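Take a look at the model below. This report goes through a cavity, then the overall fold, then some helix packing.

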Amino acid sequence: MRLTTKGRYAVTAMLDLAMNADTGPICLADISKRQEISLSYLEQLFARLRRARLVDSVRGPGGGYLLAQAAEGITVAQVIEAVNESVDTTRCGGLSDCQQGDTCLTHHLWCELSEHIHGFLKEVTLAQLAERGEIQAIASRQRGRWNEGILASTS
């Protein structure tokens with residue numbers, strides 16, 4: 001399966017945004033620190049997410065990013081597609097030229113698997129992920145570490 005760092009990081013950052021939405025706009029530097037993702041990489045991802053109308057930007061002091069719609073309306077598949085990723089389990093990228101221009105024996109199997117994975121990701125929303133206990137526990141731990149880092153740097 002080919003889901004690169006771009007797709008994984010985009011989903012992680014969007015989930016972070018969804019889980020911290022109650023505090024207002026979230027700056028990318030905060031997501032970068034909590035999720036340990038390069039700020040410049042997040043800037044590239046959020047430019048694509050903004051073009052796909054999944055996030056809105058707020059300029060000025062206290063600015064940052066907000067989900068453009070409710071977390072219940074944003075699926076993992078939408079996030080992955082917004083950053084130009086696909087979930088493809090074929091070697092040929094779905095082009096049917098797996099074996100020197102011809103279709104291989106297992107091409108259709110891998111295409112069906114890709115469809116199943118995509119279908120699954122279309123059914124999972126950011127809100128559903130944010131409600132999961134294990135994800136809430138991880139987010140709480142990350143916020144704690146992040147807050148400790150802020151307190152340590154201001155002391």
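Start inside this predicted model. Helix α4 gives the most to the lining of the largest cavity, with three residues. Two helices, α4 (76-82) and α5 (107-123), each supply at least two residues of that lining. Which residues line the largest cavity? They are Ala-77, Ile-80, Glu-81, Glu-85, Ser-86, Val-87, His-118 and Leu-121. By class, this lining has four nonpolar, two polar and two charged residues. The volume of the largest cavity is about 30 Å³. The count comes to one cavity of 30 Å³ or more. How is such a space found? A probe the size of a water molecule is rolled over the atoms, and this shows where empty space is left.

**The overall fold**

Now step back to the whole chain. How many helices and strands does the protein chain have? There are seven helices and two strands. Along the sequence, they follow the pattern α-α-α-β-β-α-α-α-α. The C-alpha atoms fill a box of roughly 65 × 30 × 30 Å, taken along the principal axes.

**Helices α1, α2 and α3**

Next come three helix pairs. Helix α1 covers residues 5-19. Helix α2 covers residues 28-35, and helix α3 covers residues 39-51. The table gives the angle and the axis distance for each pair.

| Pair | Angle | Axis distance |
|---|---|---|
| α1 and α2 | about 115° | 10 Å |
| α1 and α3 | roughly 80° | within 10 Å |
| α2 and α3 | about 120° | 9 Å |

Take α1 and α2. They pack at an angle of about 115°. That makes α1 roughly perpendicular to α2. The crossing of this pair is right-handed. On the α1 side, Thr-12, Ala-13, Asp-16 and Leu-17 take part in the contact; on the α2 side, Ile-31, Arg-34 and Gln-35 do. The residues of this contact divide into three nonpolar, two polar and two charged.

Move on to α1 and α3. Their axes cross at roughly 80°. Helix α1 is therefore roughly perpendicular to α3. Helix α1 brings Thr-5, Lys-6, Tyr-9, Ala-10, Ala-13, Met-14 and Leu-17 to the contact. Helix α3 answers with Tyr-41, Leu-42, Leu-45, Phe-46, Arg-48 and Leu-49. By class, there are 10 nonpolar, one polar and two charged residues in this contact.

The crossing of α2 and α3 is right-handed. Leu-28, Ala-29, Ile-31 and Ser-32 of α2 touch Leu-39, Leu-42, Glu-43 and Phe-46 of α3. This contact has six nonpolar residues, one polar residue and one charged residue.

Some residues turn up in two contacts. Ala-13 and Leu-17 of α1 meet α2, and Ala-13 and Leu-17 are also among the α1 residues that meet α3. Ile-31 of α2 is one of the residues that meet α1, and Ile-31 is also one of those that meet α3. Leu-42 and Phe-46 of α3 are among the residues in contact with α1, and Leu-42 and Phe-46 also take part in the contact with α2.

Note on methods: Residues are numbered from 1 along each chain as its sequence is written. This is a predicted model: local features need pLDDT of at least 70, side-chain atom pairs count only at pLDDT 80 or more; totals for chains, interfaces and linings use all residues. Side-chain values use heavy atoms; hydrogens and water are left out. Axes are lines fitted to C-alpha atoms, for helices over the stretch in contact, and angles run from 0 to 180 degrees between N-to-C directions. Helices (H or I, at least four residues) and strands (E, at least two) are DSSP runs, numbered from the N terminus. A crossing is left-handed if the near helix is turned anticlockwise from the far one by less than a right angle, and right-handed if clockwise. Contact means heavy atoms within 4.5 Å. Ala, Val, Leu, Ile, Met, Phe, Trp, Tyr, Cys and Pro count as nonpolar, Asp, Glu, Lys and Arg as charged, and the others, Gly among them, as polar. On a 1 Å grid over the protein atoms alone, a cavity is a set of points where a 1.4 Å probe fits but cannot get out, and a pocket is an open set with protein on both sides within 12 Å along at least five of seven lines; lining residues have an atom within 4 Å of a point. Grid points are joined across faces, edges and corners, and a volume is the space filled by probe spheres set on the points. Angles under 35 degrees count as roughly parallel, over 145 as roughly antiparallel, 65 to 115 as roughly perpendicular and the rest as oblique.
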